[in-house]
Amino acid sequence: MPMRVHAIEKVVENTPIHKTFYFNDRECRNAEPGQFIMVWIPGVDEMPMSLSVIGKQQAVTVEAKGEGTKKMHEMKEGDKIGIRGPYGKGFSLSGEKKLFVAGGTGIAPLMPLIKMSGGKKTVILGARSSHLLLFEEELKSMDVELHISTDDGSEGHKGFVTDLLEEMADADKKFDVAYACGPEIMMRKVLDFCLENSIPMEASLERYMKCGIGICGSCAIDGYHVCRDGPVFESSILSKIEDFGRWKRDESGKKVEI
Amino acid sequence: MCLETSVGPLKMKNPLMLASGVLDMTRGSMERFREAGAIVTKSVGMGERKGYGNPSVVELEHGLLNAMGLPNPGVDEYLKEIEGIDVQKIVGSIFGKDEHEFARVAKKIEVAVDAIEMNMSCPHAGSYGAGFPTDKISDAVSAVKESVNIPVFVKLGMENIGRRARAAEEGGADAIVAINTVRAMSIDIETAVPILSNKVGGYSGPAIKPIGVRCVYELSEEVDIPIIGVGGITTAEDVIEYMMAGASAVQIGTGVYYRGEKIFEEISKELREWLEAHEYGRIKDVIGAARA
């Protein structure tokens, strides 16, 4: 799909390190939750980003991390960005009792999924510290059971989101389906929990990406390509991927530890 | 309908090869192409290269523009990736700055591959690829030929292809692979910025097919060694056209973007149907049919 160039319609500062950039792109209006786009910052970089808002207006939520994302944080309403996509396989909507587990920026692709899905929804949201919790207020205003966890204990449970999973298992909560996005070590733990408890699970993966369209192979994880076979993978596949939670590849294609 | 073909000493169960640079970074990716007669690896060199920054691909109406910049982990690391790989045949694509480097990489990769493809045609990698001087081609090919005991192919681009192919043949090449992507550019007019981070890249896909067919047709006049046709193949008819022009086999790259990896299985089937409908007993009878 050829690239479209749009002016940014609105910029919202969510946390000291997160900003959400709104735009209006016809192709993205009906994207599936979990799908991603390639965002071009003219003359700087192009990066894969999951859509955090889907509808009449769409958006990506960006953590200022590397050179490209820091440049993006300097961008204002009216500045132009290029968009390719939406690409890849998103989350599937199924089950009645749903669990969403998000670490850090990982809540971004889960937001449209949480909004679109019905049933009873439990969200575990984690971050390093209270002021970095993304979309906390929005989630509080929604019909979800929200559990918070911070690494430093400044809000909610002190520790990791995966600790809360264990507590829920003890409380004998039965989930029909679980969705996860966040650091891969976290997602690996969520997968192990779900396999133990026979809960079907889906996770959105991230890898260094060049083409976004399934030809260059940069985002290979075992024999799968995150851009075209993913970025959302289901637990039956994740449990077979040896690289998952262990290895990724750098720009040269060399395997490096996660 | 027999699809078997051979390129010099390399025999293949069908004439369809996965072109270098497409889904060949990792073993897992390459093993998705077991239907291909052969797969060609990512171009590898002596050392690790990260390649160019993004954007490295532009999707255009009639093809793709890319400038990856020869990203690869270096031949030693890459060997770990491909040793014991389960595919029909594997061709190791290599690049080098001079004959010594070409020969060293060839020697290293020889143990894991069935043939070598010398990349002398990447249109956007400076003195590597297409920037490799024509007057050094013959020496580089003979250096590689001397260092390995497997077939050596030379991949060339459209520029100066006749002279470069003759030089490769003089050096002892077993086949010519023609063509690589065509040097091209795309500018975003809203921001007045060239889209690729490298500004210039290589154009592939249906738009370049007639150029590739012309090159193969003219080359089969220029050289006596076999030719592998590449450029814009997405259907069985495209394969037939290249083979009628004189190609003994073909490579498919961007076609995977249009039809997915199943393109190899599908084109094999379509080729058999086409041969039957047109009363050719075997694919080999098509080679050079337009040259009679």
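Chain A contains six helices and 18 strands, where helices (H or I, at least four residues) and strands (E, at least two) are DSSP runs numbered from the N terminus. Its radius of gyration over C-alpha atoms is 17 Å, close to the 18 Å that the globule rule gives for 258 residues, so chain A is as compact as a globular protein of that length; the rule is 2.2 Å times the number of residues to the power 0.38. This is a predicted model, in which local features need pLDDT of at least 70, side-chain atom pairs count only at pLDDT 80 or more, and totals for chains, interfaces and linings use all residues. Residues are numbered from 1 along each chain as its sequence is written, chains are lettered from A and ligands numbered from 1 in the order written, and side-chain values use heavy atoms, without hydrogens or water.

Along the principal axes, the C-alpha atoms of chain A fill a box of roughly 50 × 40 × 35 Å. Of its 258 residues, 56% are buried (under 20% relative accessible area, 1.4 Å probe, protein chains only).

The largest cavity has a volume of about 550 Å³, counted as the space filled by probe spheres set on the points, which are joined across faces, edges and corners. Its lining comprises 36 residues, of which S20(B), G21(B), N66(B), N180(B) and T181(B) are the closest to its centre; lining residues have an atom within 4 Å of a point. In chain B, β6 (63-66), β8 (115-119) and β16 (249-252) each supply at least two residues of this lining.

Technical notes
1 Å grid on protein atoms, 1.4 Å probe; cavity = no way out; pocket = protein on both sides within 12 Å on 5 of 7 lines; lining within 4 Å. Buried < 20%, exposed > 50% of the residue type's maximum accessible area, 1.4 Å probe, protein only.
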